[in-house]
Amino acid sequence: MNFLILLPVIISSLILGAHFFRAADYGLVLLCTTAPFMLLIRRAWVPRAMQILLLLGAAVWISTLTTIAKMRLMIGESWLRMAIILGAVALFTAGSALMFENKRLHQWYRQIALPIIPSLSAFFLTIVILSIVQIVVHPPMLLFERFIPGAGWFEIFLLALYAGWVTEKMLDIKESPRWRLRIWALFSVVFFGQLFIGLLGIDKFLMTGKLHFPIPALIAAGPIFRGDGFFMPILFAATVILVGPAWCSHLCYIGAWDNIASHGRNKPKKMPVWRQPVRIAIMIVVIAVAIVLRLAGVSVTFASILAVAFGLIGVGLMLVWSRKTGVMTHCTAYCPIGPMANWLGKLSPFRIKINDATCTDCGICHTACRYDALNMVDIKNRRPNIACTLCGDCLASCRDNSLEYHFLGLKGISARTLFLVLVISLHAAFLGVARI
Ligand code: SF4
Ligand code: SF4
């Protein structure tokens, strides 16, 4: 029965697919023919997403109609019959979106009671971000696009579905630390997987076909040394301004390793007081060395050896110190990008705060924080220290729900939802362009 109600939607998608087939746009053909399968996902945000996609489909028909009409007018040919046919197809496509207003379908999709807006927002935000990448950037950045022209659109659709699904999972405060760990690790696997395949010789997996070292310190040191290649610093700054230091809890390909290493111990140990000054000193030294190497005109090979050595020391720190202390020592005491994310992140209005009225000073949240950002003194101050990366793990640990996200005047729950939508959409987008 539901299939019959959905038949106009399926037909609309297939006709659109046929239209793109004529234009040899095979990526969009793939998208149109597979999009109806998303209707098998029994979530209330899915029909809303499909409705908007159908309206976009109707817009494609109108745009095609106008283009053909203009051409025919120019060469003095009749266009009315064509306009009536394409107009009817556009109407049918837009009208099929109304099928979701059917009561039976409503009930079917709403049987699992979950909020619609967050997943729907993450779905469309991912589409918007990646569509910009797909349209503006050349050579293509999306992996599918590099193999089949047009297939980037299909990849965008898959990643948008993924973003909607992850948002739903992470909205559950208690489950969110587990899911954050999973999706962050997945990003690292995809990123390094691409590097590995690229090293095997399939250079379509590598950025511009050249190897770039996967060392976060190079986000700052690389462009200083080379004097060009500012894409990564700009991406880093834009991300950090948007979601604060969450770069270091959701988006960095190496941070995920330190996170896993730190979970080798149940409770984090107290870190020495010199952690913060040492971290700042390392940051200054890395930048100074990059400037000196540039001025001295040393070879790229020599600079690369230094960079690799720096990266390997960091991995050693994770394996030894992070596992022993339960604190992400690579990220909180060594990586020069960490303090930059923390400081620049202050430009973003997102914060974690502790509710003074309900906090009992029990200190349990301290054991959830792997960033050395929530010691007893910070708990008394009712806010994490500068090392906080907005990971959100402490929220799940508090029995009194005293920890909350803050964003301007929003309520804690809304601020957290907004944060998750933004950071998960960025995560999905990073997955799409995770080449090295
Ligand atoms: S501190 Fe460095 S390695 Fe750690 S998450 Fe941030 S950028 Fe990545
Ligand atoms: S204070 Fe909370 S949100 Fe901030 S880094 Fe620690 S656990 Fe994560």
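This is a predicted model: local features need pLDDT of at least 70, side-chain atom pairs count only at pLDDT 80 or more; totals for chains, interfaces and linings use all residues.
How many nonpolar, polar and charged residues does the shell around ligand 1 have?

**View 1. The shell around ligand 1.** The residues around ligand 1 are P216, W247, C248, C252, I254, G255, H330, C331, C335, I337 and G338. Two or more of these residues come from each of the helices α12 (247-251), α16 (329-334) and α17 (337-344). Sorted by class, the shell around ligand 1 consists of eight nonpolar and three polar residues, with no charged residues.

**View 2. The shell around ligand 2.** Ligand 2 has around it the residues I352, C369, Y371, L374, P384, C388, T389, L390, C391, G392 and C394. When the shell of ligand 2 is divided by class, nine of its residues are nonpolar and two are polar, while no charged residue is found in it.

**View 3. The pairing of strands β1 and β2.** Strand β1, which covers residues 351-354, pairs with β2 in the antiparallel sense, and four bridges link the two. One of the residues to look for is I352, whose bridge partner in β2 is Y405; I352 also belongs to the residues that surround ligand 2. Strand β2 itself, residues 403-406, has a covered face formed by L403 and Y405, whereas E404 and H406 make up its uncovered face.

**View 4. Two loop residues with positive phi.** D361 is found in the loop that runs between β1 and α18 (364-368), and although D361 is not a glycine, its phi is positive, at about 60 degrees. Because its relative accessibility is 27%, D361 counts as partly exposed. R382, in turn, sits in the loop between α19 (376-381) and α20 (393-397), and R382 likewise is a residue other than glycine with a positive phi, here near 65 degrees. R382 has a relative accessible area of 15%, which is under the 20% limit, and so R382 counts as buried.

**View 5. The surroundings of N2.** N2 belongs to helix α1, which spans residues 2-22. The relative accessible area of N2 is 17%, and because buried means under 20%, N2 is counted as buried. If its neighbours within four places in sequence are left aside, the residues in contact with N2 are R104, L105 and W108. With R104, the side chain of N2 also forms a polar contact, side chain to side chain, at 3.2 Å.

Definitions and conventions
Residues are numbered from 1 along each chain as its sequence is written. Chains are lettered from A and ligands numbered from 1 in the order in which they are written. Side-chain values use heavy atoms; hydrogens and water are left out. A residue is near a molecule or strand if one of its heavy atoms lies within 4 Å of it. Ala, Val, Leu, Ile, Met, Phe, Trp, Tyr, Cys and Pro count as nonpolar, Asp, Glu, Lys and Arg as charged, and the others, Gly among them, as polar. Buried means under 20% relative accessible area, exposed over 50%, partly exposed in between (1.4 Å probe, protein chains only). Two strands pair if DSSP finds at least two bridges between them. A polar contact is a pair of N or O atoms within 3.5 Å; within protein, one must be able to donate a hydrogen and the other to accept it, and residues adjacent in sequence count only if both atoms are side-chain atoms. Contact means heavy atoms within 4.5 Å.
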